[in-house]
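Biologist: Please take one part of this protein and look at it closely. I would like to follow the side chains there and then see how that part sits in the whole.

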Amino acid sequence: MTRHVIHLPVTVPELAGALRFAYTLTRSLALIPGIELAGTTVSAEDTQHVRHWVFCDRIIPDRSRCARRADHDGPCGPYQTGQTIRERPPRGERPLR
């Protein structure tokens, strides 16, 4: 079965704001089947080949993926209700996996 990917361009003036928006938007859609949190990235409009990961996406002991921010401190883990969006700059560019 062929899968199709939806690309939804949204422009935000700075990277930190774009990452916060992508995080919030993705979390709000997380319960919809087919939404893949792990694949959420942000890029500059004129350098779309350089992407910044929004979520960590490492595999955790229960074989699910870490749903914390890409720049999180501490151990990986699933998203928890009540978790807040931290206001800190991204750790830097991460290569696409």
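Modeller: The side chains of Arg65 and Asp57 meet in a salt bridge, 3.4 Å from N to O. A salt bridge here is a side-chain nitrogen of Lys or Arg within 4 Å of a carboxyl oxygen of Asp or Glu. By this rule the count comes to 1 salt bridge. Asp57 counts as buried because its relative accessibility is 9%, while Arg65, at 43%, counts as partly exposed. Buried means under 20% relative accessible area, exposed means over 50%, and partly exposed lies in between (1.4 Å probe, protein chains only).

The model is predicted, with local features needing pLDDT of at least 70 and side-chain atom pairs counting only at pLDDT 80 or more, whereas totals for chains, interfaces and linings use all residues. Residues are numbered from 1 along each chain as its sequence is written, and side-chain values use heavy atoms, leaving out hydrogens and water.

The protein has 1 helix and 2 strands, in the order α-β-β along the sequence. Helices (H or I, at least four residues) and strands (E, at least two) are DSSP runs, numbered from the N terminus. Strand 1 and strand 2 (residues 47–53) run antiparallel and are joined by 4 bridges; two strands pair if DSSP finds at least two bridges between them. A hairpin of 2 residues connects strand 1 to strand 2. Thr41 stands opposite Trp53 in strand 2.

Thr40 lies in the loop between helix 1 and strand 1. Thr40 counts as buried because its relative accessibility is 13%. Its side chain makes a polar contact of 3.4 Å with the side chain of Thr26. A polar contact is a pair of N or O atoms within 3.5 Å; within protein, one must be able to donate a hydrogen and the other to accept it, and residues adjacent in sequence count only if both atoms are side-chain atoms. Leaving out residues up to four places away in sequence, Thr40 touches Ala22, Thr26, His52, Trp53, Val54 and Phe55, where contact means heavy atoms within 4.5 Å.

Ile35 is found in the loop between helix 1 (15–28) and strand 1 (41–44). Ile35 counts as partly exposed because its relative accessibility is 35%.

For the protein as a whole, 26% of the 97 residues count as buried. Among contacts between residues at least 6 apart in sequence, 35% join residues at least 24 apart.
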